[in-house]
Each structure stands twice: as structure tokens, then as C-alpha cells.
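Hi,

Here is the model for you to look at before we talk. Have it open beside this email, and my notes follow below.

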Amino acid sequence: MKKVAIKIISSAKVYAPTQIEELDTKRLVPKMMLRRRLTRNSKVMLYLSDKCGFTNGKIVYGSCYSELEETAKIADEALMQGALSPTSFQNSVYNTAPSYFSLINGDKDEIITISSGMKTSLDALKTSALQALVSKERVLCVAVECLNIKNIEQINRCADYLEAGCGVVLEIDDDISDAKEIQNLKIDGIINSLQDLMSVVQMHENGIEKILIEL
Amino acid sequence: MKSYINNYEVLCDAGDTKGLMQAIYAKKSAVSIDVSYIKDRPSGLGKMHYDNIFNVLKDVTSKVLKASNLENFKDTLLILGSSVGGMQECEDIFYSQKNYKNINPNRYSMNTLTDYLCKEFDFYDSRAISTACTSSANALVLAKRLIDVEAYENILVVGADGLCASTVLGFHALGVLSDKPCLPFDKERNGMNVAEAVAIMLIQNTKTKDSMELKGVGASSDAYHMTNPDPEAGGAMSSMRDAINDAKLSLDDIDYVNAHGTATPANDRVEALAIEKLFANDVYVSSTKAITGHTLGAAGAIEAIISCEVIKNSIIPPQTGLQNQENTNINIPKESIEMSVKNIVSNSFAFGGNNTSIVVGACV
């Protein structure tokens, strides 16, 4: 199985116990009608991509639970009325957040969405490394979980931070010699589906730029 | 490194691969009319005959393994494409108990299906992709690229989606759910049929006597609208062109386009325009969703398998149900065409303007 070295160009992370307060959405999405349609995952993803300085190119987006708020809404609507809101349904797919990014930034490049349970962000990193290797371009790898829905306490047994996300812009480094394995720099209370990418972000913050990834 | 499609199998509303191809060539839609999901409103749905999705996954995977040159999947990467994952089971619990208390979060998302398969078959590793209706087409994109860069020798691509209330009601809410078997590319089409399927393909870097080749992949984003395709068809053209370029083929080399062809007014109009702009009248086109319905995240894989069968059978599928073709500038056969088929483009398009095309071809 093949390993490659990725170079981290930029990184960002954000998390909050219930809701991330300042996502700078008004600046990032000036059109009010579009802004009103955005899901929480989309707002967090847009914030992280802006912090990483990424506006165009290939995106790999990871989320284990993705648009939980929209899914909960449509489940409630189906139970109560037997009919759904079309906006909630169209916003419930797992690629909603990167698709809004694409729409807002006019980015016509490839989008892949990974949802691999608690190894979601690791698999997103692997997929980003593959995309960077094949295209020889910089790739945005971003992972987001927004779990702040009504009655989440009925099922949440692992996350203290109900909204969290992290992202990196990466490219392939042909010199693999001094690349580091992903260190365990987990942040307590963050859902495990984000922890591998969170660790990479923290490594970057600690001055480590080159990471070894098995494809 | 070349990617060979060496073994595959399907379960869908028309049965297994053999039953499906018989239905396609006989122009016999397997879509049935359902009245259980939407009160006082019939819906055309593509339903499998099965007990639960996990047993289908195990059964179809076992068949692919048995037919393959592998003893087990210990050195194989599993890539799943699905749009609903474990949603069926979670919906059932929520609708009956009206709360989340007995929902296991580990059985909600896409990885529910990969976790199950890894437990049953001991894969080297797995990943799960969910880009709505392009999910398993994108799984094929990654499989080809991973073999290209010599990261893996064996990759099992699984497209799987079961019927859920949320998808049936959701497409109804969007006003695109047909009340009868769908009519792709027809002036009288009135929408799609939500359907379910499991479609599994073994992709390897070695050729066997029955190999087909996964020759090219291409993907793009419309950057236009969350559910409506770009009316200029730029995204659809781009994904097809990229896949053909990746295959190192020219437009003239393509014999048939297995269209996304959902039979929604917007999709078929734009996809037909994309094919017209790219190929003019020089390629045969049809949509097999008239037989299977739209199997959502499984559509890319099931239509890749259909494409392999079309090459093996040397018969272009007719367009079931077509009476009054809307775009007469593309070549949609109403009857089967017997001919040598060397290369096929198969399209998958999804919410968010996510476009994926693949090229499947005969080995040379």
C-alpha cells in the first residue's frame, strides 16, 4: 500500500459547545437570499475555507453525520404532516456544504464527500492526498460536524462540542524523507470523526508542515 | 496502470444482472406503483425483493467474491457509494417510537454499510462516499485513480441504497416524483421513480478473460443551483469530456451514452443538450432508469455494470417507453441495436450540481 507526503499550506479549526457564534457569514455570503438557505455545516465549511485562504479548486469534504439538522427537520415533518419542505430535502444531502461553496465561489472543480464513521477525517485526508497526487494541484480537505439539534442528548454519548470543524489546504511533496506520521493530538470532547484532521491542524500549528499519508 | 472490471453483480427491482439485462432488452419496466409512502397519491417506485439491505450486501458480495480470482478480501479496499446509508433502520425506529432514544448513531450513516461488510469479509480498509446520486460513480472515480497510482491492486466498489420515506417524500416535495414508470427523454415525462439497488464491482489491476476496462473518469461541479442543472449544460459536458480525455479516446470512439436520464424535465433537457453539443447525432443514447428507476447512490455502479453487459452482448439498449422524443437532435433508439460496442460513457448527476462521467470499454 502506497504512502505519500503531503505539505500543509494552511489550516484552520473552530469548535463550540453548542453553536459557533462568529462565522463571518455576512461577509462571506453577501447575497441575503442565498445566505438564508445555508445550513450550519455550510456556514462552518465556508468559514474554514476562508480561514485557509481557499477559493477555487478540488474539495474533499468529510462529515460522519453531515446535515443532521435538515435530516431531523424532514423526519419530524414526515412524522407530523406526511409532507416535507423541498428546501430541507435538497439541503439534507451529504455534499450540501461543499456544493454551496461551489455555488458561492463559482468553483466548477471536483467535489468528493467522505462519510466513513469515526475515521471520516482520516479518509478525507487520504482522498485529498490522492486528488492532489493525481491532479498535481492544491486541494482543500475540510471536515465538519454540526450536532446541535433538538433532543440531541437522547443519542449524543461522545461529543462535548456540538459544532466543530477543521480544514487544511494541502499539496503533494515529492520528498517523502522527513514527513511525519499523524500524531495523536486529539482535542478532548471533539467527536472522533474529526480528530485525525484536527491532529494534522495542530501539527501544522506546531510548525510541522509535511505529513505522511497512506492512500 | 489500467483498471479492469473483472466481476460484478446486482440486485435491483428487475432482479440480478441477468434479469436486469433481460428486462432492459425486453423494454419491461420493473417499476411498480406504490400507495404506501404518500397518502392518496400513487408513486412509481423501483423496489427490490429482499428482507434487509445488510443481507443483500452480504449475498451480492459473496457472489462477486466467488466468481473472482480472489480467495478473500484481505488485500482489497472497499469503497462504498451511498446516499442514505443506515437511514432505513433509523427511520423505522424514529417513526415508531417518535424519539431518538433507541437509535444507534453508529447505524445511521454511510459507514453502517461498510462496517457491516468489513466485519463479514475482513477487507484491508474501507471508505464511504456520499455525494447524493453520484456517490457510487465517484467511488469508481477513486477506484480508478487509486489503481492508476498503484496504491491498490484490488478494489471492491459497492453502490447501495434502500428505499426510505425521506427520499420518496423528498422527491415528491420537489415535484419530480412520477406516478407511473418514468419516461426518459419523452415530451410527456413527468418525473422520476425513486428506487433501490445494490450493485457491486471488483476492480483490479490485472486482466482476466472476461475483463472490461474502466478507461476514464471525469467530474465537475455546475456552480449554478442546488437542484437544477446549469441550463447551458456546461457541467455535464465537462464531466463527459474529462472522462473521454482521461480514457485517451476521442468523441468518435464512443458508441453509446448510458444517460443519467432520470426523466425529470430539467435533467433530461440539459443532459440531452450536453450530448447534442458534444456528440451531435453521432452516438446512441438511452436511459435504463426506465427499467430500474433511479437507484440514487447506487445508480453509478448499476449503470456501469449495465454498460459492461452492453459491451459483452453487443446490443445497445432501446429507450423503454419513448413515444415523443423531446430533443430530436440526439440519437435515441426505440429498439435494440445489434452492433459491436467498444466504448460507453455512463453519466451520473446529483444535487449540488455534482457531475460524474465514466468511460467503460472493451479491452484491447
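**Two helices in chain A, then the rest**

H3(A) and H6(A) lie oblique to each other; here, angles under 35 degrees count as roughly parallel, over 145 as roughly antiparallel, 65 to 115 as roughly perpendicular, and the rest as oblique.

Before going further: this is a predicted model, in which local features need pLDDT of at least 70 and side-chain atom pairs count only at pLDDT 80 or more, while totals for chains, interfaces and linings use all residues. Residues are numbered from 1 along each chain as its sequence is written, with chains lettered from A and ligands numbered from 1 in the order in which they are written.

Back to that pair. Helix H3 of chain A covers residues 40-51, and its axis is 8 Å from that of H6(A), at an angle of about 55°. Axes are lines fitted to C-alpha atoms, for helices over the stretch in contact, with angles from 0 to 180 degrees between N-to-C directions. On the H3(A) side the contact includes Met45(A) and Leu46(A), and on the H6(A) side Tyr100(A), Phe101(A) and Ile104(A) are among the residues involved. "Contact" means that the C-beta atoms, placed from the backbone, lie within 7 Å. Between these two helices the contact residues split into seven nonpolar, four polar and no charged. (Ala, Val, Leu, Ile, Met, Phe, Trp, Tyr, Cys and Pro count as nonpolar; Asp, Glu, Lys and Arg as charged; the others, Gly among them, as polar.)

**Each chain as a whole**

Chain A has eight helices and six strands, and chain B has 10 helices and 15 strands. These are DSSP runs numbered from the N terminus: helices are H or I with at least four residues, strands are E with at least two. What about size? Chain A has a radius of gyration of 17 Å, close to the 17 Å from the globule rule for 215 residues, so it is as compact as a globular protein of that length. The radius is taken over C-alpha atoms, and the rule is 2.2 Å times the number of residues to the power 0.38. The C-alpha trace of chain B spans about 55 × 50 × 40 Å along its principal axes.

**Inside chain B**

An open three-stranded sheet runs in the order S2-S3-S7 with mixed pairing; strands pair if DSSP finds at least two bridges between them. S2(B) (32-34) and S7(B) (194-195) are at the edges with a single partner strand each, so one side of each has no neighbour in the sheet. S2(B) and S3(B) (residues 43-46) run antiparallel and share three bridges, and Ser32(B) has Leu45(B) as its bridge partner.

Helices H7 (residues 234-246) and H8 (residues 265-279) of chain B cross at roughly 50°, their axes coming within 8 Å.

**Where the chains meet**

How many residues does each chain bring to the contact? Chain A brings 43 residues and chain B 49 residues. On the chain A side, H7(A) gives the most, with five residues. That side divides into 22 nonpolar, 15 polar and six charged residues.

Cheers

Technical notes:
Contact = placed C-beta atoms within 7 Å.
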